[in-house]
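Here is a briefing on one protein chain. Please look over the sequence and the model before reading on.

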Amino acid sequence: MTDAEQGRSRRRGRNETEEERADRMWQELIQEVRVAQMGVQILFGFLLTVVFTPKYADLSDTDQAIYIVTVVLGACATGALIGPVSLHRLVSGRRIKPQAVQWASRLTLLGLLLLLATTSASLLLILRVATHDDSVPYLVAGVVCWYLLCWFGLPMWTRHRHTAR
């Protein structure tokens with residue numbers, strides 16, 4: 001077997017050009033963003049309505065501050081997760097898709113981190129208002145750990161365990 005044949009038989013992954021790889025990665029990224037966008041937009045829409053309810057005036061100063069921070073985090077998460085669409089639209093046809101995929105991926109990761117913060121702050125506020133229990137921060141910390149495990153820990157472990165070095 002020649003060196004070229006051995007190289008082909010050992011090759012892992014796809015046989016695609018840089019442009020084909022960028023196209024595939026873009027499609028995969030957009031599918032991922034759609035899932036995250038839906039979640040953040042539903043959560044953000046709900047958060048926007050809270051201030052207009054009679055119960056909002058009854059919230060403590062601390063709970064109102066948590067609410068405001070949560071809304072700002074939700075707005076930032078929405079921006080980061082919609083960012084890849086705008087990026088694609090503004091650079092489309094410029095032959096820089098590999099770079100666009102890189103930046104869109106970074107925006108998506110940032111959006112996921114902001115979604116984690118938004119969801120955690122929302123849970124903190126809801127449980128504080130619903131229970132008035134001192135154990136709420138510990139419960140929220142447990143949920144944050146669960147999110148970190150599901151969203152980042154398991155994927156990083158899988159990446160480390162199952163990809164070639």
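The notes below cover helices, cores, aromatic contacts and loops.

This is a predicted model: local features need pLDDT of at least 70, side-chain atom pairs count only at pLDDT 80 or more, and totals for chains, interfaces and linings use all residues. Residues are numbered from 1 along each chain as its sequence is written, and side-chain values use heavy atoms, with hydrogens and water left out. The largest nonpolar core has 19 residues, and α4 gives the largest share of this core, seven residues.

**Helices**

- Helices (H or I, at least four residues) and strands (E, at least two) are DSSP runs, numbered from the N terminus.
- Helix α2 (residues 18-50) has 33 residues and should span 48 Å at 1.5 Å a residue; its end C-alpha atoms are 47 Å apart, which agrees.
- The expected span is 1.5 Å times one less than the number of residues.
- α5 has 35 residues and reaches 49 Å from its first C-alpha to its last, close to the 51 Å expected.

**Transmembrane annotation**

- An unreviewed UniProt entry carries the annotation "transmembrane region" for residues 35-53, 65-87, 107-130 and 136-157.
- UniProt positions are given in the numbering used here, feature names are shortened, and annotations may be inferred rather than shown by experiment.
- In the model, residues 35-53 are 84% helix and 0% strand, with end C-alpha atoms 29 Å apart.
- Residues 65-87 are 100% helix and 0% strand, and their end C-alpha atoms are 33 Å apart.

- Buried means under 20% relative accessible area, exposed over 50%, and partly exposed in between (1.4 Å probe, protein chains only).
- Buried residues of α2 include A22, W26, L29, V33, V40, F44, L47 and V50.
- The buried residues of α2 pack against α3, α4 and α5, where contact means heavy atoms within 4.5 Å.
- A nonpolar core is a set of buried Ala, Val, Leu, Ile, Met, Phe, Trp, Tyr and Cys residues joined through side-chain atoms within 4.5 Å.
- In the largest core, the residues with the most contacts inside it are V40, L47, Y56, Y67, V71 and L114.
- α2, α4 and α5 each supply at least two residues of this core.
- Apart from this core lies another, of seven residues, among them A22, L29, V33 and A104.
- V40 touches G74, A77, T78, L81 and L115, not counting residues up to four places away in sequence.

- L48 lies in helix α2 and is partly exposed at 40% relative accessibility.
- Leaving aside neighbours within four places in sequence, L48 is in contact with Y67 and V71.
- I68 is in helix α4 and is partly exposed, with a relative accessible area of 47%.
- L48 and I68 are 20 residues apart in sequence and 9.9 Å apart in space, C-alpha to C-alpha.
- V51 and I68 are 17 residues apart along the chain, and their C-alpha atoms are separated by 9.3 Å.

**Aromatic contacts**

- The structure holds two aromatic pairs.
- Y56 and Y67 form an edge-to-face pair, 5.2 Å centre to centre with 65° between the planes.
- This pair links distant parts of the chain: Y56 is in helix α3 (residues 54-58) and Y67 in helix α4, 11 residues apart.
- Y56 is buried at 14% relative accessible area, and Y67 is buried at 5%.
- Y147 and W151 form a stacked pair, 5.0 Å centre to centre with 15° between the planes.
- Y147 and W151 both lie in helix α6, four residues apart, about one turn of the helix.
- W151 is partly exposed, with a relative accessible area of 29%.
- Rings of Phe, Tyr and Trp (its six-membered ring) pair if their centres lie within 6.5 Å; planes under 30 degrees apart count as stacked, over 60 as edge-to-face and the rest as tilted.
- R106 lies over the face of W103, at 4.6 Å from the ring centre.
- A charge sits over a ring if NZ of Lys or CZ of Arg is within 6 Å of the ring centre and within 35 degrees of the ring normal.

**Positive phi in loops**

- Most residues other than glycine have a negative phi.
- R95 has a positive phi of about 60° and lies in the loop between α4 (61-91) and α5 (97-131).
- R95 is exposed at 82% relative accessibility.
- H132 follows α5 and has a positive phi, near 55°.
- H132 lies in the loop between α5 and α6 (136-162) and is exposed, with a relative accessible area of 66%.
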